[in-house]
Amino acid sequence: EGSKGQLSEKNIPVFAATILYSVFQHADHWPVQIMKAFADDSFGPRKWVDDERCKAFVSNLVVSLKPKEALDRNSASAAEDAETYFSSLLAQASSAKPTMTSSNNVSNGAMKPSSQLKNLSSKEKRKQTKINGASKSLTHPTSSSSSSGEEELVESQNVSSSLSLPHPSSSKISPLNIIFQISSIPKKQIRPRYHVHSLDLAYEVLSDAFRTRLNSKSKQNYRLLQTLPPFLSIPQVRCLASRHLERWLQSPALAGLARNIFARSVQELRCVEPPLPDDLELIANILKLNLKANQLSMHVEHVTMVAKKIPTQNV
């Protein structure tokens, strides 16, 4: 704790993660925004993901990275309902501030959110609404006091409408029942929390966070490569990693970790027909590697493993 019984700044992320886990530990389906926070901290400052107090919370997120077996019909429906509710709730929260400050935006010549979205693709619009918009609402909350009764009414209507959001299949089911509805998923303390469409969104935010980290000017690649192996189950992450594999393997400081990334990426390849586009690019990048003489045997070994892992005509 800091002075006068206040939390020190370094403990605030841990405190927030602890609260989130306390709220969602009994829910089978978690908001994708939690995975986004996990991705940003994992590939960034690691303010809470390495903290022992967040171990159970982090373990649930890590176990969610692996591809899952198909859910039964009721569980899949519950996952879709929860994801739809979370997305709608966060979208409403992110639209509250622009609604209350629209007059200021016009007077200052600021671009409205709708104008910004016009230039985005449909996929980017979906991610902007569900993920980035929600992030802004969490990191830049609206003012606690309104400047007029009309603004207070708008805010009240937004909150009340979000809390009474209709269930996709029944308007009589409350939000709590949507989040905590019974499913056939085993109720272990550590279990996957993302399924069906929410898992696709989770993979998107993880891949985006990794891409952002690779494009940054940070030179702390040793810690990045230590962090990376659990995320290689995600096709786009291992594809992105393969683009940098040659440089990492040629670095004396990183070669040992890079060899592990190389082997793990090959192990995670999925034997499906047709092969995943990300895996095809990964294989192409592996074949183009220009390695040192003492690494050639490793290269041949992994190329052979690829042929055994995905024995299809496309490869």
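Student: What should I keep in mind before we start?

Tutor: Residues are numbered from 1 along each chain as its sequence is written, and side-chain values use heavy atoms, with hydrogens and water left out. As the model is predicted, local features need pLDDT of at least 70 and side-chain atom pairs count only at pLDDT 80 or more, while totals for chains, interfaces and linings use all residues.

Student: Okay, Arg46. Why is Arg46 called buried?

Tutor: Buried means under 20% relative accessible area, exposed means over 50%, and partly exposed is in between (1.4 Å probe, protein chains only). Arg46 has 18%, so it counts as buried.

Student: What makes the backbone of Arg46 worth a look?

Tutor: Its phi is positive, about 55°, although Arg46 is not a glycine. Most residues other than glycine have a negative phi. You'll find Arg46 in the loop between helix 2 (32-42) and helix 3 (55-63). Helices here are DSSP runs of H or I with at least four residues, numbered from the N terminus.

Student: How do you know that Arg46 forms a salt bridge with Asp50?

Tutor: A salt bridge needs a side-chain nitrogen of Lys or Arg within 4 Å of a carboxyl oxygen of Asp or Glu. The closest N and O atoms of Arg46 and Asp50 are 2.7 Å apart, so by the 4 Å limit the pair counts. Asp50 has 52% relative accessibility, so it is called exposed.

Student: How many salt bridges does a search of the whole structure find?

Tutor: Nine. One of them joins Asp208 and Arg211, at 2.9 Å from N to O. Both residues lie in helix 10, three residues apart, which is about one turn of the helix.

Student: Why are Asp208 and Arg211 called partly exposed?

Tutor: Asp208 has a relative accessible area of 24%, so it falls in the in-between class. Arg211 has 28%, so it goes there too.

Student: What makes Glu268 and Arg264 a salt bridge?

Tutor: Their side chains meet at 3.4 Å, N to O, and the limit is 4 Å, so they qualify. Salt bridges that share partners also join Lys66, Arg264 and Glu268 into one network. Glu268 has a relative accessible area of 12%, so it is buried, whereas Arg264 has 26%, so it is partly exposed.

Student: How do you know that Arg193 has no salt bridge?

Tutor: The nearest side chain of opposite charge, Asp28, is 5.2 Å away. For charge, Lys and Arg count as positive and Asp and Glu as negative, with His and the chain ends not counted.

Student: What does the side chain of Arg193 reach?

Tutor: It reaches the backbone oxygen of Ala27 at 2.5 Å and the backbone oxygen of Gln189 at 3.1 Å. A polar contact is a pair of N or O atoms within 3.5 Å; within protein, one must be able to donate a hydrogen and the other to accept it, and residues adjacent in sequence count only if both atoms are side-chain atoms.

Student: Which residues is Asn60 in contact with?

Tutor: Contact means heavy atoms within 4.5 Å. Leaving aside neighbours within four places in sequence, the partners of Asn60 include Tyr21, Trp30 and Arg193. Asn60 is found in helix 3, and its side chain reaches the backbone nitrogen of Arg191 at 3.1 Å.

Student: Why does Asn60 count as buried?

Tutor: Asn60 has 0% relative accessibility, so it counts as buried.

Student: And Val196: why does it count as partly exposed?

Tutor: Its relative accessibility is 36%, so it lands in the in-between class. Val196 lies in helix 10 (residues 196-215), and it has a positive phi of about 55° although it is not a glycine.

Student: Last one: where is the cis peptide bond?

Tutor: It joins Glu273 and Pro274, with omega about 0°. Pro274 sits in the loop between helix 14 (255-267) and helix 15 (277-287).

Technical notes
Helices (H or I, at least four residues) and strands (E, at least two) are DSSP runs, numbered from the N terminus.
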